[in-house]
Amino acid sequence: SADAYAQDTTKIATKKVEVVKNYEAIIQQASRKVIPVSLEEKEPVTIEYNYKMNSKARLDFERPAAIVRPISYKTEQKKDEDIKDGSIYGGYGNYQSLNLGAAYHYYIEDWIDAGFKVDHFSAEDSSLPFQKYNDTDANAYASYYLTKNTKAGIDVNYGQFSHFTPFTTAEDSLIATEQSFNNLGGALSLSSYIFEKAGISFRSRLSYDILNQEQDDTRENMLEADLNFLKKISDNISLELPLKYNNYSFKNDTLASITARDIVLRPQLRIVQQYFNAHAGIEFINADSINYIFPIIDINIEDVYEGIDIHLYTSSNYRRNSMHYLSSVNPYYRTDRTTLDLNYLRSYNLAVERDYLNWTFKLRASYNNYVGDDIHFDRSDTNRAIVSGLDRNEWQAAPSIRYSDDIIDMEFSYTRNFFLGNNKNILYYRPESVLALNLTEVLLGDKLSLTQNIN
């Protein structure tokens, strides 16, 4: 059997009731705490504002961007390694010419700097008698750093060169005399650089050299003392004071000895600006009892007009017609006729230069004044020259064109001399015009350099 039960809810009575009650927060076990606060009494300050600008200075608010210079920050200092550099070269050419040389350089930073160099050149024409030439030079040097900015050094040099001077006798026979030069010399030097603290640097050098010529029985001793003082006045201005003293002593077994003394002083002031640099001073020379004064002017102005640069300057070259100098120019001259006369060149120059792309166009004009210019007169009886001094003047014009890029550097120049006075018959060996072409090629990533010079 099955049973089921149910209830009818619709018959139960219902009623809606609404309950309303306010919320009240109750904090139990809490009480108010009193904190005492004391304030200091201060008098009020009256602040007055004034917006009026009393400055008469002109304010420029468009300032350029700041330049961060390398000196503004420090990087990790890398210590230079010791330098040990050696080289050997050799060459052979026509007339059995042999060119050999070797050099070595050793350097330790702030401690020692030393090395040596040897060069040899010889040539011979076997088809003719007495056609030989030999030249050997050696030099050794060493310097020691007394402090980080002070260095002392020593230098020793030796040289020997010989050649034959052929000439024809009265009997039409060819003979020759061998001329041999030997020189030995040394030098001491001291230099100091203290720019960081006092803005001062100086260099000094004292040298002594002896030159002998065996055939003429001649000997010349040369003493040179150099002192160069530099004072930095500001970032753009410096004062330079070079002083040089020379003393010559020439002796021949058959003639009386000759001595000569020179003092050369060249104080000058240097100024360097962004587009302008110049230096000016006075050259004072005391040659025995003769005095010379010559202005030192060097003004270089960039971009005067349309990229044109102007260089106005004076230049000079002072020396003696000594055996040291004349034998380097003409080793065949008669050394027993050496006079030690002064040889002084003073020049006034103006150069105009313009760059265009990789090209440089330049024109230089000069006025040259010579005192005691060495003139070489050939003697037919001995086939050797006798040297005499000549005072003369000349104008000189020298245009040039240069092209330069990463591979080639080429310069073509032309020099024209205009001799003044009636000396052309004496200056027959001095060229009136000179053409020159200089070429340099850099190949294989700067590993190979070729140079050609044509005059």
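Predicted model: local features only at pLDDT ≥ 70, side-chain atom pairs only at ≥ 80, totals over all residues.
Asp409 is partly exposed, with a relative accessible area of 24%. The partner of Asp409 is Arg402, and the two form a salt bridge whose closest N and O atoms are 2.7 Å apart. Arg402 is partly exposed as well, at a relative accessible area of 37%.

Elsewhere, salt bridges that share partners join Asp373, Arg392, Glu394 and Arg430 into one network. Let me take two of its links. The side chains of Asp373 and Arg392 meet at 2.9 Å, N to O. Asp373 belongs to strand E16, residues 359-379, and Arg392 to strand E17, so this pair ties together parts that are 19 residues apart in sequence. Arg392 also meets the side chain of Glu394 in a salt bridge, at 3.0 Å, N to O.

Are these residues buried or exposed? Asp373 is buried, with a relative accessible area of 3%. Arg392 has a relative accessible area of 3% and is buried, and Glu394 is buried at 2%. As background, side chains of opposite charge can pair when their charged atoms come close. In total, the model contains 12 salt bridges.

I turn now to the aromatic rings. The count of aromatic pairs comes to eight. Phe121 and Tyr133 form a tilted pair, with 6.5 Å from centre to centre and 55° between the planes. This pair links distant parts of the chain: Phe121 lies in strand E3, residues 112-124, and Tyr133 in strand E4, residues 132-145, 12 residues apart. Phe121 is partly exposed, at 34% relative accessible area, and Tyr133 is partly exposed at 22%.

Next, the nonpolar cores. Which residues have the most contacts inside the largest core? They are Tyr248, Met323, Leu326, Tyr333 and Leu340, in a core of 14 residues. Strand E9 (237-252), helix H2 (323-329) and strand E17 (384-404) are the elements that give two or more residues to this core. H2 gives the most, with three residues. Beyond its neighbours within four places in sequence, Tyr333 is in contact with residues including Gln179, Met323, Leu326, Thr338 and Val387. A second, separate core has nine residues, among them Ile285, Tyr292, Phe294 and Tyr344.

E7 and E8 form a hairpin with four residues between them, and Asp217 in the turn has a positive phi of about 55°. E8 in turn is joined to E9 by 15 bridges, and these strands also run antiparallel. Here Asn228 stands opposite Pro242 in E9, and a hairpin of four residues connects E8 to E9.

Finally, I draw attention to Ser191, which lies in strand E6, residues 174-194. Ser191 is partly exposed, with 23% relative accessibility. Its C-alpha atom is separated by 6.1 Å from that of Ser204, 13 residues apart along the chain. Leaving aside neighbours within four places in sequence, Ser191 is in contact with Asn149, Thr150, Lys151, Phe202 and Arg203.

Methods: Residues numbered from 1 in each chain as written. Heavy atoms only, no water. Core = buried A, V, L, I, M, F, W, Y, C linked by side-chain atoms within 4.5 Å. Buried < 20%, exposed > 50% of the residue type's maximum accessible area, 1.4 Å probe, protein only. Contact = heavy atoms within 4.5 Å. Phe/Tyr/Trp six-rings, centres within 6.5 Å; stacked < 30°, edge-to-face > 60°. Pairing = 2+ DSSP bridges. Salt bridge = Lys/Arg side-chain N within 4 Å of Asp/Glu carboxyl O.
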